[in-house]
Amino acid sequence: MLSVSKLTGAVVGFLEGLGPGVPVPTPWAEPVLAQIPVVGQQYCAPYAVDLTVANKPISISDGDFAVKSKVLSLRDRRVLVDAAGNTIISMQQKLMSIRKKWEVFKGESTDKKDLLFSTKKSSLIQFKTELDVFLASNTSKKVCDFKIKGSYLERSCSIFLGETSTIIAQMSRKYSVTNVVMGKDAFGVTICSNMDHAFIVALIVILHDINKEKEV
């Protein structure tokens with residue numbers, strides 16, 4: 001189960017439980033951003049948000065929302081629901097897409113007028129996954145609005161603001177004695193202030209699905 005627990009405030013979750021000789025994730029300076037409400041303004045916290053995620057099989061929850069799979073679907077489809085079970089967004093992979101294109105819509109809709117954003121691989125051949133993210137308002141898609149670089153398999157990736165070097169969220173594997181003994185695969189996701197954390201969770205789900213065939 002891919003479960004997510006949330007911590008608030010400064011970046012605190014990443015370094016908990018680290019033992020001697022365990023590599024520490026490279027720190028990054030949190031950028032100062034205006035609110036970026038991709039899914040909704042209510043998901044833009046005025047402080048950094050830390051998520052702790054445990055993997056296999058995929059199922060995300062952090063008290064605010066959960067991710068569920070749609071069964072008996074011709075395409076991979078996920079829905080993000082709130083604590084009351086109401087669907088916030090729907091995510092689905094486009095059929096016959098060689099670049100693993102995903103589209104994300106408001107609520108249960110799959111209508112183009114309700115499109116929030118889409119993602120696709122930056123190139124056909126990749127050693128580490130790189131995804132371009134386009135907001136619905138970016139109809140030309142000449143330049144991406146966000147970019148994901150990294151590897152879900154290695155539990156290490158960064159999400160950038162467009163083609164810049166500004167990191168808005170970062171994922172790193174978490175190490176602890178409990179994880180080693182219990183065989184749990186856990187990693188942390190830190191999201192900068194004013195960034196829509198429901199949007200970031202959706203990107204992590206898509207990254208998971210694109211890379212899941214590589215997992216052992």
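Helices (H or I, at least four residues) and strands (E, at least two) are taken here as DSSP runs, numbered from the N terminus. Residues are numbered from 1 along each chain as its sequence is written. What you have open is a predicted model, in which local features need pLDDT of at least 70 and side-chain atom pairs count only at pLDDT 80 or more, while totals for chains, interfaces and linings use all residues, and side-chain values use heavy atoms, with hydrogens and water left out.

Of its 216 residues, 51% count as buried, that is, under 20% relative accessible area, whereas exposed means over 50% and partly exposed lies in between (1.4 Å probe, protein chains only).

Next, select residues 77–82, which form strand β4, and note that 5 of these 6 residues are buried. On one side of the pairing list is β3 (residues 65–69), which runs antiparallel to β4 and is joined to it by 5 bridges; two strands are said to pair if DSSP finds at least two bridges between them. Within this pair, A66 stands opposite V81. Strand β5 (residues 87–93) is also antiparallel to β4, again with 5 bridges, and here L80 has I89 as its bridge partner. The β4 and β5 hairpin has 4 residues between its strands, and G85 in that hairpin takes a positive phi near 90°.

Centre on F117 to see what touches it (heavy atoms within 4.5 Å), leaving aside residues up to four places away in sequence: its partners include W102, V133, L135, F199 and I206.

Two loop residues make the last stops. Most residues other than glycine have a negative phi. K141, in the loop between β8 (130–135) and β9 (146–151), has a positive phi near 55° and is partly exposed, with a relative accessible area of 35%. N194, in the loop between β12 (186–191) and α2 (197–211), has a positive phi of about 70°, but this residue counts as buried at 18% relative accessibility.
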